[in-house]
Amino acid sequence: MDPKPVRILFVCLGNICRSPTAEAVFRALAAREAPDLHVSIDSAGTANYHVGSAPDARAQEAARRRGYDMSGRRARTIEPLDFERFDLILAMDRSNWSALRHAAPRAARERVRLFLEYVQDTDVLEVPDPYYGGPNGFEEVLDLIEAASRALIRHLREQVRAA
Ligand code: 4NP
């Protein structure tokens with residue numbers, strides 16, 4: 001029987017730029033580079049501005065150029081059940097981390113982390129919000145998310161090995 005999947009929720013503000021990108025990138029890299037890992041992945045936003053919308057066209061285009069498709073995603077907000085459903089709730093920046101920690105029941109608080117915590121040898125702990133910036137912002141988001149996804153895959157593999 002397959003082991004229980006590790007359930008991971010990526011969270012940003014609007015759920016149209018960073019967290020859907022993280023969801024698509026992590027899903028693709030885990031499938032390609034760690035097919036032995038069992039993961040279940042979703043994303044959400046802490047704000048409700050864009051609920052029901054497809055990912056930002058600029059984010060989709062930048063992701064597509066690297067081979068990631070997130071066109072089917074529709075934005076949603078975090079909901080109370082998410083704190084029970086997910087093993088890891090990974091915020092893109094400190095502001096979203098803080099909002100999640102406040103919303104989380106005490107028992108779930110330790111599951112709320114900064115996604116970039118998994119990257120070693122860097123001081124960068126936040127994926128910057130690209131919404132009001134130029135196109136380079138979306139490339140930076142992808143660079144950080146690809147590095148953090150690989151670091152998280154490594155971390156999860158070590159956990160499986162140690163179990
Ligand atoms: P995200 O980007 O949090 O990465 O989805 C944003 C999307 C929308 C807004 C801000 C950030 N907004 O202010 O509408």
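Predicted model: local features only at pLDDT ≥ 70, side-chain atom pairs only at ≥ 80, totals over all residues.

Reader: What makes F10 and F26 a tilted pair?

Author: Their ring centres lie 5.8 Å apart, and rings pair if their centres are within 6.5 Å. The planes stand at 55°; stacked needs under 30 degrees and edge-to-face over 60, so this pair is tilted. F10 belongs to strand β1 and F26 to helix α1, so the pair ties together parts 16 residues apart in sequence. F26 is buried too, at 0%, and F10, F26 and F115 form one aromatic cluster.

Reader: Why is the pair of Y131 and Y132 called edge-to-face?

Author: Here the centres are 4.8 Å apart and the planes meet at 85°.

Reader: Which of the words buried, partly exposed or exposed applies to Y132?

Author: Y132 has a relative accessible area of 74%. The cut-off for exposed is over 50%, so Y132 is exposed. Y131, at 27%, is partly exposed.

Reader: How do you know that the charged end of R58 sits over the ring of Y131?

Author: The charged end of R58 is 5.4 Å from the centre of that ring, and the distance limit is within 6 Å. The rule also asks for an angle within 35 degrees of the ring normal, and R58 is listed as sitting over the ring of Y131.

Definitions and conventions:
Residues numbered from 1 in each chain as written. Heavy atoms only, no water. Phe/Tyr/Trp six-rings, centres within 6.5 Å; stacked < 30°, edge-to-face > 60°. Helix = DSSP H or I, 4+ residues; strand = E, 2+ residues; numbered from the N terminus. Buried < 20%, exposed > 50% of the residue type's maximum accessible area, 1.4 Å probe, protein only.
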